[in-house]
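Work through these exercises with the model open beside you. Try each task before reading its solution.

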Amino acid sequence: MPPGPKQQPRLCHPERPYYANGLCKSCYQYKYARTPKFRAGQRRTYLKHRTERIAHCQAWYRKNKPKVIVGIRELYHRYRQQVLEHYGSYCACCGEEEVLFLNIDHVKGDGKQHRAKHGNNQLNVFRSIIKAGFPADYRILCFNCNLGRQLNGGRCPHERQAINSNGDK
């Protein structure tokens, strides 16, 4: 019987099936999938089958749209809850605790730039805050205080009332 193809000695996980170059499949992909030559081949394959792949993905989305929407909604609520728990589940200005009224406030007033960078939806805003490790550039305000700051040049009407009641200007 002629000898089979010569296998290289195992360089990784001997309990896993052999894949190529002495590596199991996951180690091979980790080592070789990052090379420019491999990435160029992936790109060529993608461009060759792009329209079929897009059609397949669109068909899958149409078929599974209700599940996708439910999953995104659950993810949104989970991320929102994490952010609220970290920054405190009450308005930093007036103390409002009703969760439905609470919003993220960009302390520096750079919310427009933040949304432009990370996508103009709350899920991406929450995701970026969590990924950044809950920076101090954010706080929780109720909708009224947040909008009041926007309309009042960066100062909440509650803050103005507190100043007026103390007699200071």
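**Exercise 1. The pocket**

Which elements each supply at least two residues of the lining of the largest pocket?

Solution. 
- Start with the ground rules. This is a predicted model, in which local features need pLDDT of at least 70 and side-chain atom pairs count only at pLDDT 80 or more, while totals for chains, interfaces and linings use all residues. Residues are numbered from 1 along each chain as its sequence is written, and side-chain values use heavy atoms, with hydrogens and water left out.
- Define the pocket. On a 1 Å grid over the protein atoms alone, a pocket is an open set of points where a 1.4 Å probe fits, with protein on both sides within 12 Å along at least five of seven lines; lining residues have an atom within 4 Å of a point.
- Name the elements. They are β1, α4, α5 and α6.
- Find the main contributor. Helix α6 gives the most, with five residues.
- Go to the centre. The lining has 17 residues, and D105, H106, R115, N146 and Q150 lie nearest the centre.

**Exercise 2. The fold in outline**

List the elements of the chain in order, from the N terminus on.

Solution. 
- Count first. There are seven helices and two strands. Helices (H or I, at least four residues) and strands (E, at least two) are DSSP runs, numbered from the N terminus.
- Write the order. It is α-α-α-β-α-α-β-α-α.
- Check the contacts (heavy atoms within 4.5 Å). Of those between residues at least 6 apart in sequence, 51% join residues at least 24 apart.
- Check burial. Buried residues account for 22% of the 169 residues. Buried means under 20% relative accessible area, exposed over 50%, and partly exposed in between (1.4 Å probe, protein chains only).

**Exercise 3. Salt bridges**

How many salt bridges are there, and which residues form a network?

Solution. 
- Apply the rule: a side-chain nitrogen of Lys or Arg within 4 Å of a carboxyl oxygen of Asp or Glu. The count comes to three.
- Take R139 and D105. Their N to O distance is 2.8 Å. R139 lies in strand β2 (residues 138-142) and D105 in strand β1 (residues 102-106), so this pair ties together parts 34 residues apart in sequence. R139 is partly exposed at 25% relative accessibility, whereas D105 is buried at 4%.
- Take D105 and R149. Here N to O is 2.4 Å. R149 sits in helix α6 (residues 143-151) and D105 in β1, so the pair ties together parts 44 residues apart in sequence. Both D105 and R149 are buried.
- Join the two pairs. D105, R139 and R149 are linked in a network.
- Finish with D137 and K108. Their closest N and O atoms are 3.7 Å apart. D137 is in the loop between α5 (122-131) and β2, and K108 in the loop between β1 and α4 (111-118), 29 residues apart. D137 is partly exposed at 30%; K108 is exposed at 60%.

**Exercise 4. The cores**

Which residues touch the most other members of the largest nonpolar core?

Solution. 
- Define the core: a set of buried Ala, Val, Leu, Ile, Met, Phe, Trp, Tyr and Cys residues joined through side-chain atoms within 4.5 Å.
- The largest core has 18 residues, and I104 and I129 touch the most other members.
- Trace the sources. α3, β1, α5 and β2 each supply at least two residues. The largest share, five residues, comes from α3.
- List the contacts of I129. Leaving out residues up to four places away in sequence, I129 touches V83, Y87, I104, H114, F134, P135 and Y138.
- Note the second core. This separate set of five residues includes A20, L23, C24 and Y28.
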